[in-house]
Amino acid sequence: MPFTPFHFGPALGLGLPFRKYFHAPTFIVANVIVDVEPFLVLLLGLRYPLHGYLHTFLSAFLVGLALGYVMFLLERVLHPLYKVFLLEADNGLSLNSFVVAGVFGTCLHVLLDSPLYADIRPFYPITANPLLNPALTLGVYSLCVWMGVLGIIYYVGLLTFLGYGKLRRKRDARALLFLLLTFFALYTDRL
Ligand SMILES: [Zn+2]
């Protein structure tokens, strides 16, 4: 549960740069919606594991599918809002782009949680968790933070360049490359 805000890292770091290929708002929601489960358990004081049925690849897949479809249905209403915040490129995305964003986001959430928690059963109905490895905790947290930093840098770049309508497609690719190089330079500098 305390890990939830960290899921915004990969949500932004992957969702924004690839927003032309899969639906970024769906991907962002998908990365955090899985934690509705521990949120409700804690809020209602339920006798239920914090990482129960929803924290399995099987449920995550189904929830991702459903989320993608719902977001696709809501697209007509919400598209103007997404455009204001530059979360969508101009090209209309297909249903597939929503569904892929949903499934990828929810499954990524389960994958990132799996090494960290003893109560998680990612491969349910198989109850063993071969991914459990608490030694990876710091690494997973760092990865999420750095992906978040990348996402924020990319978003600031989008607001700066696209906001003024100056960025063309080729420049966009060059800007992304530049941001990636900056990110890796910063990261390796810290090692
Ligand atoms: Zn979780």
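Leu-86 sits in the loop between α4 and α5, where helices (H or I, at least four residues) and strands (E, at least two) are DSSP runs numbered from the N terminus. Although Leu-86 is not a glycine, its phi is positive, at about 60 degrees. Most residues other than glycine have a negative phi, and most peptide bonds are trans. With 16 other C-beta atoms within 10 Å, Leu-86 is partly exposed; a residue is called buried if 20 or more other C-beta atoms lie within 10 Å of its own, exposed if 12 or fewer, and partly exposed in between, with C-beta atoms placed from the backbone. This is a predicted model, in which local features need pLDDT of at least 70 and side-chain atom pairs count only at pLDDT 80 or more, while totals for chains, interfaces and linings use all residues. Residues are numbered from 1 along each chain as its sequence is written.

Tyr-155 belongs to helix α6 (residues 137–161), and it counts as partly exposed, with 18 C-beta neighbours inside 10 Å. Leaving aside residues up to four places away in sequence, Tyr-155 touches Leu-12 and Leu-16, where a contact requires the C-beta atoms of two residues, placed from the backbone, to lie within 7 Å.

Another tyrosine, Tyr-48, is found in the loop between α3 and α4, and with 13 other C-beta atoms within 10 Å it is partly exposed. Its C-alpha atom and that of Phe-184, which is 136 residues away along the chain, are separated by 41 Å. The loop between α5 and α6 holds Pro-125, and the peptide bond that joins Tyr-124 and Pro-125 is cis, with omega about 15 degrees.

What elements make up the protein as a whole? There are seven helices and zero strands, and the radius of gyration is 18 Å, close to the 16 Å that the globule rule gives for 191 residues, so the protein is as compact as a globular protein of that length. The radius is taken over C-alpha atoms, and the rule is 2.2 Å times the number of residues to the power 0.38. Along its principal axes the C-alpha trace spans about 55 × 45 × 25 Å, and 36% of the 191 residues count as buried. Among contacts between residues at least 6 apart in sequence, 74% join residues at least 24 apart.

Two packed helices are described by the angle between their axes and the distance between the axes. Helix α1 (residues 8–15) packs on helix α2 (residues 24–33) at an angle of about 160 degrees, with the axes 8 Å apart; axes are lines fitted to C-alpha atoms, for helices over the stretch in contact, and angles run from 0 to 180 degrees between N-to-C directions. The two helices α1 and α2 are therefore roughly antiparallel, given that angles under 35 degrees count as roughly parallel, over 145 as roughly antiparallel, 65 to 115 as roughly perpendicular and the rest as oblique. Their contact has nine nonpolar, two polar and no charged residues, with Ala, Val, Leu, Ile, Met, Phe, Trp, Tyr, Cys and Pro counted as nonpolar, Asp, Glu, Lys and Arg as charged, and the others, Gly among them, as polar.

How many of the 10 residues of α2 are buried? Nine of them are, so α2 is largely enclosed by the rest of the structure. The buried residues of α2 pack against α1, α3 (36–44), α4 (57–84) and α5 (95–113). With α5, helix α2 crosses at roughly 30 degrees, the axes coming within 7 Å, and that makes α2 roughly parallel to α5. The residues of this contact between α2 and α5 divide into seven nonpolar, six polar and no charged.

Helix α5 also meets α4, and here the axes come within 7 Å and cross at roughly 145 degrees. By class, the contact of α4 with α5 has 16 nonpolar, six polar and no charged residues.
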